[in-house]
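Subject: Structure for you to look at

Hello,

Here is the structure I said I would pass on. My notes follow below it.

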Amino acid sequence: MALSKIDIGKGSDAITVGDLPTGSIIQVTQGTIFTGNFSTNTGSWVATTLEVSLTPISSSNKIMVEFSGAIRCYNTSGNDAQGGWRIYRKIGSGSYAQLNTHEFTHRAYDYGGSGLISDVPLNIQYLDSPSTTDAVSYKLYGNRLAGSQIELNPDAQDESYAFAMEVVG
């Protein structure tokens, strides 16, 4: 729930959101906590279950969105493995579409050519200006760009998180 007033115990002297300076965080939501395993071996963008939504209180405010977790790319018999990760956005009842040209890639290369595996932490942040007071949803998508497969939470024991923060614009 967004705050419209912060009660500081002084009755009518309460601070309103309009009194806060640009850059103040006025709302934070945590989306899905994903503890399973997402994997894909397709060469197209596929939605994960990692998602977060926030309804801004002002269309002039921004939303800082963040996804974090562990990712893997691998190739069982070649020398190149690469995965791509993007943030997609949906406003209101619309459809998900790629958010700007934002993309995080993870690549490993083995000069021996007999296969490889690479695990790294994932942390993607983006400051969005959706210009709306409708609900805004963000979802993480993945794409196997090279190799056999990519994974989010490769051992299915990691946790991945999605956060959204409304920032006074």
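Thr 40 is buried, with a relative accessible area of 7%; buried means under 20%, exposed over 50%, and partly exposed in between, using a 1.4 Å probe and protein chains only. This is a predicted model, in which local features need pLDDT of at least 70 and side-chain atom pairs count only at pLDDT 80 or more, while totals for chains, interfaces and linings use all residues. Residues are numbered from 1 along each chain as its sequence is written, and side-chain values use heavy atoms, with hydrogens and water left out.

Thr 40 belongs to strand 4, residues 38-40 (strands are DSSP runs of E, at least two residues, numbered from the N terminus). Its side chain makes a polar contact of 2.9 Å with the side chain of Thr 42; such a contact is a pair of N or O atoms within 3.5 Å, one able to donate a hydrogen and the other to accept it. Leaving aside residues up to four places away in sequence, Thr 40 touches Val 46, Gly 142, Arg 144, Gln 149 and Ile 150, where contact means heavy atoms within 4.5 Å.

As for the whole protein, there are 13 strands and zero helices. Of its 169 residues, 43% count as buried. Among contacts between residues at least 6 apart in sequence, 79% join residues at least 24 apart. The C-alpha atoms fill a box of roughly 70 × 30 × 25 Å along the principal axes.

Regards

Note on methods. Helices (H or I, at least four residues) and strands (E, at least two) are DSSP runs, numbered from the N terminus.
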